Amino acid sequence: MDAVELASLLCSRLCHDLLSPVGALNNGVELLADETDPEMRERCMELLAESARASANKLKFFRLAFGAAGGFGEAIDTREARNAIEGLYGAEKRIELGWMVADDRLPKSAVKLLLNLAMLAGDALVRGGTLDIGAEQGASQLEIVIRAEGPRILLDPSLRAALGPGASDQIEPRAAGAWLAHRLAADAGGTIRISDPADPVLLIGATLPNAH
């Protein structure tokens with residue numbers, strides 16, 4: 001897959017995820033224009049605020065996970081990653097987040113890998129649950145661990161396949177994040193491991209050689 005194909009897939013994924021909150025904004029504005037009841041207008045304003053917040057949170061997350069956030073520096077403040085994940089999943093209160101990243105800064109590629117793996121695990125919690133995110137930088141390698149637990153975990157086989165060493169270049173837009181995670185790990189000389197589909201808890205681990 002060349003850079004243009006990957007960019008197209010990532011743009012398709014971003015547009016798909018933004019369609020719902022942006023569409024809700026448009027519908028809310030149309031309703032507000034015709035509504036005269038004060039209580040209904042207040043409710044419309046609340047819905048507009050929720051949709052605007054959801055849109056902004058998704059954009060912040062995708063900017064960090066897919067884009068060039070952080071400029072040309074080699075490291076990113078891990079607080080940005082935490083805020084991005086909390087914005088994506090924390091607002092709905094369906095998913096309880098656990099953050100176990102001690103380092104104040106991590107390599108940009110590691111942060112992107114962490115975010116994309118966290119998104120896969122978070123999206124797999126179709127009925128909510130807990131999402132724990134950890135990373136530790138040792139003397140020779142950096143380890144990332146994502147743990148998702150909930151009443152129902154659903155990770156599409158195509159996403160699992162996109163993470164693996166034999167990942168195909170022919171993927172759907174929804175697997176763009178998984179394929180990007182695969183390439184980030186492979187290009188750095190690292191590996192990604194994922195728990196068996198039959199396991200009650202979803203575990204995703206990644207190991208990257210420490211450049212320092």
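This report walks through a helix, a helix pair and the cysteines of a predicted model.

**Helix α3**

Let's begin with helix α3, which covers residues 78-90. With 13 residues at 1.5 Å a residue, α3 should span 18 Å, and its end C-alpha atoms lie 17 Å apart, so the two values agree. Several residues of α3 are buried: Thr78, Ala81, Ala84, Ile85, Gly87, Leu88, Tyr89 and Gly90. Their packing partners include the helices α2 (38-65) and α4 (108-124). Strands β1 (75-77), β2 (95-101), β3 (105-107) and β4 (129-137) also pack against these buried residues.

**Helices α4 and α6**

Helix α4 has a further partner in helix α6 (residues 176-187), with the two axes 9 Å apart and an angle of about 145° between them. Their crossing is left-handed. On the α4 side, the contact is made by Ser109, Lys112, Leu113, Asn116, Leu117, Met119 and Leu120. Facing them in α6 are Gly177, Ala178, Leu180, Ala181, Leu184 and Ala185. The residues of this contact divide into 9 nonpolar, 3 polar and 1 charged.

**Cysteines**

A disulfide is a covalent bond between the sulfur atoms of two cysteines. How many disulfides does the model have? The count comes to 0. Take Cys15: the closest cysteine sulfur, in Cys11, is 6.3 Å from its own, which is too far for a bond because a disulfide needs the sulfur atoms within 2.5 Å. Here is how exposed two of the cysteines are:

| Residue | Relative accessible area | Class |
|---|---|---|
| Cys15 | 51% | exposed |
| Cys44 | 6% | buried |

Definitions and conventions:
Residues are numbered from 1 along each chain as its sequence is written. This is a predicted model: local features need pLDDT of at least 70, side-chain atom pairs count only at pLDDT 80 or more; totals for chains, interfaces and linings use all residues. Side-chain values use heavy atoms; hydrogens and water are left out. Helices (H or I, at least four residues) and strands (E, at least two) are DSSP runs, numbered from the N terminus. The expected span of a helix is 1.5 Å times one less than its number of residues. Buried means under 20% relative accessible area, exposed over 50%, partly exposed in between (1.4 Å probe, protein chains only). Contact means heavy atoms within 4.5 Å. Axes are lines fitted to C-alpha atoms, for helices over the stretch in contact, and angles run from 0 to 180 degrees between N-to-C directions. A crossing is left-handed if the near helix is turned anticlockwise from the far one by less than a right angle, and right-handed if clockwise. Ala, Val, Leu, Ile, Met, Phe, Trp, Tyr, Cys and Pro count as nonpolar, Asp, Glu, Lys and Arg as charged, and the others, Gly among them, as polar.
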